[in-house]
Amino acid sequence: MIDLLTIFVLAVFVGFEVVSKVSTILHTPLMSGANAIHGVILVGAILITGRAEHALEIALGLAAVFLATVNVVGGFVVTDRMLEMFKGHKPVKAAKAVEAQGNGHKETGK
Amino acid sequence: MSPTWVQLAYLAAALCFVLALKGLSTPKYARAGNLLGAAGMALAVVTAYVHGAVHNELLILLAVAAGVAVGIPAARSVKMTAIPQMVALFNGVGGAAAALVALTEFLEVPDGSVLFQVATVLTVLIGSVSFSGSVVTFLKLQEIMTTRPVLLPAGQAVSIGVAAASVLLALSVVVSGSGLLLVLLALAGLALGVLFVLPVGGADVPIAISLLNAFTGLAVAASGYVLANTLLIVAGTLVGASGTILTRLMAQAMGRPLTNILFGAFKPTAAAAQTDEHRTVRSGTVEDVAILLGYAHSVLVVPGYGLAVAQGQHAARELAAVLEQRGITVHYGIHPVAGRMPGHMNVLLAEADVPYEQLKELDDVNPGIGSVDVVLVVGANDVVNPGARDEPSSPIYGMPIFDVDRAKAVVFMKRSMRPGFAGVDNSLLYNPKTTMLFGDAKDSLTKLLAAVKQV
């Protein structure tokens, strides 16, 4: 059990470290992406349903599988849709940034 | 203990998740990060299915198929303006799934160790809070219920009572191992989630979503203890930790301490005292505004959620293009919390093909705002409310704003005199520099576009 605790503590630090500097532009996609990742509960839902033998347990387990799947696929798809919109503008931006040089335009992290 | 190949697959998935979060924090790799996360998830789920689905294989597949059938169309069809509430819903179902997993496991193995029991009650409690809290945030953002803080009579006492009852129930579940008490605990958790989000004011709801997101992560981590599954612990903890940091970053962007947002529900009395019924409002016609804009040198557009709701982004971009042809400098001032969530407005304007380099942040705009001829406030309100800067009694005091009252003229495009999402009165409406242009944002912008071409 101490192994699990070790993993937990290390994961806390990794989690803090990974998102310590994020521009506000990315707050929404990041939240949405993290939201999709906790859909990993689907793994747990499959495991418990996979060994359930009584009707009640099976029913609860399947409900969990269903809800977790909605969380996972919905989360990743919605995040991708958000990020897709940023992506389309990169070439335009790169070209215009050259034209716009000298007018004090500050690169803000995009 | 799971076989080695399963452990290795879980390790690979966990790595994908870390890299996904890392990628999502930098614009360049954000999309790749998200796809990597999805790949890791697919790996983990297939592994769990192949290794763990001893019984009910077909039923599990059907449940997954049903989830996909609901989740993908929902995520594909949701309007960009409604993204925050969609995220809230996805978060809520995740929390519910975690609670159900722990509940089911408890029924299968009623006599586990104390640690197992503690992890179970934590998962059920946090998962339930996250589920009901997310549903309430959804109702608020969808404006099915009021966006104002809801203050129940003796709300604080009730919350403390329910919280205390939850702790007692949790302890008795650990001691007695009773399934019935665990179900009661889940119900207490649901009540707690509702009580927790009700007093949160409209503009702060996104922060509550972010916090509930972190909660769900913790519930998933706790469920990892229940199932002794390292992947759940790692992934859940990652989301819990990063979600906490993200919540703090968001609160900082709004200039408000987290405790204020969660516990300092807006006190309407303080704001009401400032209201003066006799102040006058100057309302202008489209032609007035067109002349104002047509002879300006620099124009700043401050878009808000109202613009997005009216789907006026394209009209705004066309207007900006016409103004630029006349040699007028046009910038957009994007407040960190414009829209419904930090970064939401950038997504919405990107959707409308607004060039990225025209988008300016607070710090780029405010120092030179005195030389801006006309500020066009479209469907925004709270982010330009001088009360946030000048009136310590204002509920949004301390939130950084665009100092548009220091510009030479302000045009306020609004549907009505109704206060903004935070429900706070805005003295800028009564400023002599301000011209009001009432109407639907898209409608007004289209008329304005035609009128500017005539000037």
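This is a predicted model: local features need pLDDT of at least 70, side-chain atom pairs count only at pLDDT 80 or more; totals for chains, interfaces and linings use all residues.
Helix 6 itself covers residues 155–176 of chain B. Its 22 residues reach 31 Å from the first C-alpha to the last. That span is close to the 32 Å expected at 1.5 Å a residue. The buried residues of helix 6 of chain B are Gly155(B), Val162(B), Ser166(B), Leu169(B), Ala170(B), Val173(B) and Val174(B). They cover an arc of only 135° around the axis, so they lie on the same side of the helix. The other side of helix 6 of chain B carries exposed residues. These are Gln156(B), Ala157(B), Ile160(B), Val167(B), Leu168(B), Leu171(B) and Val175(B). Just after helix 6 of chain B, Gly177(B) takes a positive phi of about 70°.

Chain A is built from helices. Its secondary structure comes to five helices and zero strands. From the N terminus on, the order of elements is α-α-α-α-α. Chain A has 110 residues, and buried residues make up 58% of them. Among contacts in chain A with a separation of 6 or more, 64% are between residues 24 or more positions apart.

Chain A and chain B bury about 8700 Å² between them. Carbon and sulfur atoms account for 76% of this area. Met31(A), Ile37(A) and Arg81(A) supply 8% of the area that chain A buries against chain B, more than any other three residues. The contact takes 85 residues from chain A and 104 residues from chain B. Polar contacts also link the two chains. The count is 19 residue pairs, with both residues at pLDDT 80 or more. On the side of chain A that touches chain B, at least two residues come from each of helix 1 (2–18), helix 2 (27–37), helix 3 (41–51), helix 4 (55–87) and helix 5 (90–99) of chain A. Helix 4 of chain A gives the largest share of that side, 31 residues.

Asn71(A) has its place in helix 4 of chain A. With a relative accessible area of 0%, Asn71(A) is buried. The side chain of Asn71(A) makes a polar contact with the side chain of His38(A), at 3.1 Å. Leaving aside residues up to four places away in sequence, Asn71(A) touches residues of both chains. In chain A, these are Asn35(A), Ala36(A), His38(A) and Gly39(A). In chain B, they are Phe90(B), Val93(B) and Gly94(B).

Salt bridges were searched for over the whole structure, and 10 were found over all chains. Across the interface of chain A and chain B, the rule finds four salt bridges. One of them joins Arg51(A) to Glu105(B). The closest N and O atoms of this pair are 2.8 Å apart. The pair crosses between chains, from Glu105(B) in helix 4 of chain B to Arg51(A) in helix 3 of chain A. Glu105(B) counts as buried, because its relative accessibility is 5%. Arg51(A) counts as partly exposed, at 38% relative accessibility.

Glu84(A) also forms a salt bridge, with Arg31(B). Here the closest N and O atoms are 3.9 Å apart. Glu84(A) lies in helix 4 of chain A and Arg31(B) in helix 2 (residues 30–52) of chain B, so this pair joins two chains. Glu84(A) is partly exposed, with a relative accessible area of 42%. Arg31(B) is partly exposed as well, with a relative accessible area of 23%.

Within chain B, Lys408(B) forms a salt bridge with Asp373(B). The closest N and O atoms are 3.3 Å apart. Lys408(B) lies in the loop between helix 17 (387–390) and strand 5 (409–414) of chain B. Asp373(B) lies in the loop between helix 16 (362–365) and strand 4 (374–378) of chain B. The pair therefore ties together parts that are 35 residues apart in sequence. At 15% relative accessibility, Asp373(B) counts as buried. Salt bridges that share partners also join Arg389(B), Asp390(B), Asp403(B), Asp405(B) and Arg406(B) into one network.

Note on methods:
Residues are numbered from 1 along each chain as its sequence is written. Chains are lettered from A and ligands numbered from 1 in the order in which they are written. Side-chain values use heavy atoms; hydrogens and water are left out. Helices (H or I, at least four residues) and strands (E, at least two) are DSSP runs, numbered from the N terminus. The expected span of a helix is 1.5 Å times one less than its number of residues. Buried means under 20% relative accessible area, exposed over 50%, partly exposed in between (1.4 Å probe, protein chains only). The arc is that of the directions from the helix axis to the C-beta atoms. Contact means heavy atoms within 4.5 Å. Buried area is the accessible area (1.4 Å probe) that two parts lose on being put together, summed over both. A salt bridge is a side-chain nitrogen of Lys or Arg within 4 Å of a carboxyl oxygen of Asp or Glu. A polar contact is a pair of N or O atoms within 3.5 Å; within protein, one must be able to donate a hydrogen and the other to accept it, and residues adjacent in sequence count only if both atoms are side-chain atoms.
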